[in-house]
Amino acid sequence: MRFQASGETWESYSSRIPQLGAIAEAFIDGEKKRSPSVQAYITPHGEVKILSTHDQILGGPDGQIYLGCRFPADPCYRLQLQDWGLRIGQTLAEKGAIERYGVDFVAVHQPERDTWDLQAIEINLRKGGTTHPFMTLKYMTNGRYDLSTGLFCSQQGQPKHYIATDNLQKESYKGLMPNDLMDIIAYHQLHFDSSTKTGTVFHLMGTLSEFGKLGLTSIGNSPQQAEEIYNQVVRVLDLETKSDKDANVAVSHPSIPITWNR
């Protein structure tokens with residue numbers, strides 16, 4: 001075993017156990033694992049509404065740290081997530097819980113049946129890391145969530161997909177000001193296009209200069225397009241910040257143009 005947080009030690013960790021206690025968790029075995037989740041809402045009248053499902057993107061030494069998410073969750077278990085999330089929500093409602101909640105799962109692939117076994121591991125009675133990107137999708141497209149398929153569709157009926165993170169962080173991004181980022185976005189057309197309802201919405205831009213960190217939600221009409229839009233943003237930012245490394249500022253016009261495939 002090892003700590004996932006950098007700088008954590010056994011001496012520091014163990015000293016807090018007498019005060020805070022400790023939780024022992026069962027280890028879920030499997031060669032191929034994922035971490036999907038379902039988000040829902042309990043009204044003041046006790047009605048449960050499913051909001052979304054995601055596949056969480058995890059990182060860190062052993063893949064235990066939340067970095068971002070993909071929407072929607074894989075169709076292999078998307079509807080099952082909804083069903084379990086609904087049943088959990090109904091139980092929570094009976095106990096008096098209201099408003100948003102999310103349930104995290106571990107999905108383990110069963111190769112002999114080519115299915116996924118879902119194990120619920122955590123309930124969060126709050127907004128979570130997936131709340132912001134889904135609300136971004138909702139307000140930017142003015143679409144609706146289809147409970148029968150687990151898809152979110154625009155007003156024209158086009159399913160929407162996204163990759164989102166609030167932890168895109170690199171040393172080379174330090175010193176980049178929000179205005180510099182706006183110039184890069186405009187020059188490379190990385191912005192969200194209201195006509196196609198695709199592109200990237202940026203946030204956490206105030207953390208760029210000091211920490212080299214920002215957040216973004218890349219929206220596409222397919223999982224592949226969303227991933228390409230996301231990767232394009234990373235490629236452009238890497239190129240722009242690499243060109244003037246010593247000054248740590250963005251170059252207005254790179255020597256090699258990059259074409260963004262909408």
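Strand β2 (residues 36–42) is mostly covered, with six of its seven residues buried (under 20% relative accessible area; exposed is over 50% and partly exposed in between, with a 1.4 Å probe and protein chains only). Helices (H or I, at least four residues) and strands (E, at least two) are DSSP runs, numbered from the N terminus. The model is predicted, and local features need pLDDT of at least 70, side-chain atom pairs count only at pLDDT 80 or more, and totals for chains, interfaces and linings use all residues. Residues are numbered from 1 along each chain as its sequence is written, and side-chain values use heavy atoms, with hydrogens and water left out.

Strand β2 has two pairing partners to look at here. With β3 (residues 48–59), β2 pairs in the antiparallel sense over seven bridges, pairing being called if DSSP finds at least two bridges between two strands. P36 has D55 as its bridge partner in β3. Five residues lie between the strands of the β2 and β3 hairpin, where G46 takes a positive phi near 90 degrees. Strand β5 (residues 99–110) also runs antiparallel to β2, joined by six bridges, and V103 of β5 stands opposite V38.

Turning to the cysteines, the structure holds zero disulfides, a disulfide being a pair of cysteine sulfur atoms within 2.5 Å. The closest cysteine sulfur to that of C69 is in C153, 18 Å away, and therefore too far for a bond. C69 counts as buried because its relative accessibility is 1%; C153 is buried as well, with a relative accessible area of 15%.

The T9 side chain reaches the backbone nitrogen of S12 at 3.2 Å.

The largest pocket has a volume of about 1,600 Å³. On a 1 Å grid over the protein atoms alone, a pocket is an open set of points where a 1.4 Å probe fits, with protein on both sides within 12 Å along at least five of seven lines; lining residues have an atom within 4 Å of a point. Its lining comprises 33 residues, and Q4, E25, F27, G63 and Q64 lie nearest the centre. Elements giving two or more residues to this lining are α1, β1 (33–34), β3, β4 (65–71), β5 and β6 (115–124), and α1 provides the largest share, five residues.

Methods:
A polar contact is a pair of N or O atoms within 3.5 Å; within protein, one must be able to donate a hydrogen and the other to accept it, and residues adjacent in sequence count only if both atoms are side-chain atoms. Grid points are joined across faces, edges and corners, and a volume is the space filled by probe spheres set on the points.
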